[in-house]
Amino acid sequence: MKKILSALYIVFMCSPLIIVIGAAFEPQEILRFPPHGVSLTWFERVLHDPAFLDAAANSLVVGLLATVLSVLLGLLAAYALARGGGRYREAILGLLLSPLVIPELVIGLALLQMLTLMNVATDLLTLVLAHTVICLPYTVRLLFNGVNAINENLESASLLLGASRGGTIVRVTLPLMKNSIVAAALFAFLISFDNTVISLFLVDASTMTLPITIYNYVEFSLDPAIAALSTILILLSCVVVGVISRVSGLDNMGPRK
Amino acid sequence: MKQRVLFLSPALLFITLLLFVPFVYLLYLSFMDQDYLYGGPALPGFGNYVEAFRNPVYWESIVNTFRIGATVTVATLLIGFPVAYIISVSGKTLAATLTVVTVLPLFVSVVVRGFGWIIVFGREGPLNALLQWAGVIDEPLQVLYTEAAVIIALTHLLLPFMVLPVLASLRAIDKSVIDAAMVLGSRRRDVFLHVIIPLCSPGFVVGSLLVFLHVLATFVLPAMLGSINIKMIATMIYQQVMIVGNVPAGAALAVILFVFTMLVFSLIGAIKNRLTFDASPLREEGRAR
């Protein structure tokens, strides 16, 4: 009984992913599973298609910039919150985590209207800023936990031995936080890279990201090209998750602590 | 102190300018009429909110969202509880496999998963092939672009949000309580019904609220798998703003969606404070939208 239920559950949870991967190897221009044959045609086509390559480049650039920005903002805030103590700590933390409780659709819509009001055209920069908003709660939380995990005595010792505050942060605190910074950066990248809803409001023809390209593509045509692209994305997700679990242990995997 | 302000201000300023100010502007827009953005006069009123509950099209999207939310919540409960229970009583290998299978899909883009379901539900797809092979149906079923497709895909998407809190509750149960019930002569079935299930009710409740919370704001899967047939609050907002061009109506619906979300969150908060349990899966909000 237990075995049967477990097997059914595993099949249910894995089926959409396995089927996407399987369909990507179909030699003909038909989207089906199981594929009738094994071919890498569609992977080759995706990797030579300028539309997909542009979208990949946009996703990569936006993801990297949003990661850098959200990690920097998060580091400063997390350090001040963890070490500064003081009043309003919970309230400030709550404010910084608030993008988690506001539906993404509402965030995207509000931002788009604000940009329209100010006559700012949507471009890669506005997309980066919007993604940074939703990455920030994750980096703040992970880095806040990271600072708190450091034994404060090490910093006190450094100060006592004559190092400045700044020197202590750079030479003691930051190196000790290496793992949580890497985890926060990977997490932020994944959040940005996978984001669909916010991007949907803020992309135009020249700033397409990969999820939006897939979303638009399947509305009009269904062929194995998207399956091949999706397969690449699934593998990428697996790699990033693997690295996160390596640097911080699966149990510490950020939100899922 | 000065340093603390210096360190905190970039992030606070950022979130204020890019989230709070736009949100307040959206709130403002929701009280305007459609002409306002096309140069009409600012005539604030509750017209859009009245319309949201009166106009059958908007009202239908709200009713659909709640109905689909309830269905998906029940479905994740029915699948999630047995799975969490199996994880809690199984050996290391099976428990780890089930946990990975639960968690890993969270990291795959929801668009990719939506695409996967499009293949699964297709007329010539694996689901129809399986059902025909098993002799359940003669003709292929139209599953894609129906509510069933949206419900199945959402159940798959949101199962982790049920399994993880229930599992946390199950793991928090003191084994000696179960032993005590056994020693005092309870049958296994009674222990299960009268000890284990009541003790993990915080997990059920929080899991259900989390699942419901996500269905409220869900956009991608209903849009991909329901197309125009399935109207939910989020798809209605998008349609009003990006296609119809009635931004104030969309803004009012967005504010209503926000209020619903806050209500569910405060329920979670109230329960969290009343019962002590591991609330860690709460940190996952936002991932699945």
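I began with the elements of chain A in this predicted model, and I found 12 helices and 0 strands, where helices are DSSP runs of H or I of at least four residues and strands are E runs of at least two, numbered from the N terminus. From the N terminus on, the order I noted is α-α-α-α-α-α-α-α-α-α-α-α.

I noted that residues are numbered from 1 along each chain as its sequence is written, while chains are lettered from A and ligands numbered from 1 in the order in which they are written. Local features need pLDDT of at least 70 and side-chain atom pairs count only at pLDDT 80 or more, whereas totals for chains, interfaces and linings use all residues.

I then looked up the extent of chain A, whose C-alpha atoms fill a box of roughly 70 × 55 × 35 Å along the principal axes. Of its 257 residues, 47% count as buried, meaning that 20 or more other C-beta atoms, placed from the backbone, lie within 10 Å of the residue's own.

Next I turned to α9(A), where 13 of the 17 residues are buried, so this helix is largely enclosed by the rest of the structure. I also checked its span: at 1.5 Å a residue, counted for one less than the number of residues, α9(A) should span 24 Å, and its end C-alpha atoms are 24 Å apart, which agrees.

Last, I looked at where the chains touch, taking residues as in contact if their C-beta atoms, placed from the backbone, lie within 7 Å. The contact takes 65 residues from chain A and 62 residues from chain B, and α1(A) gives the most to the chain A side, with 14 residues.

Definitions and conventions
Contact = placed C-beta atoms within 7 Å. Buried ≥ 20, exposed ≤ 12 C-beta atoms within 10 Å, placed from the backbone.
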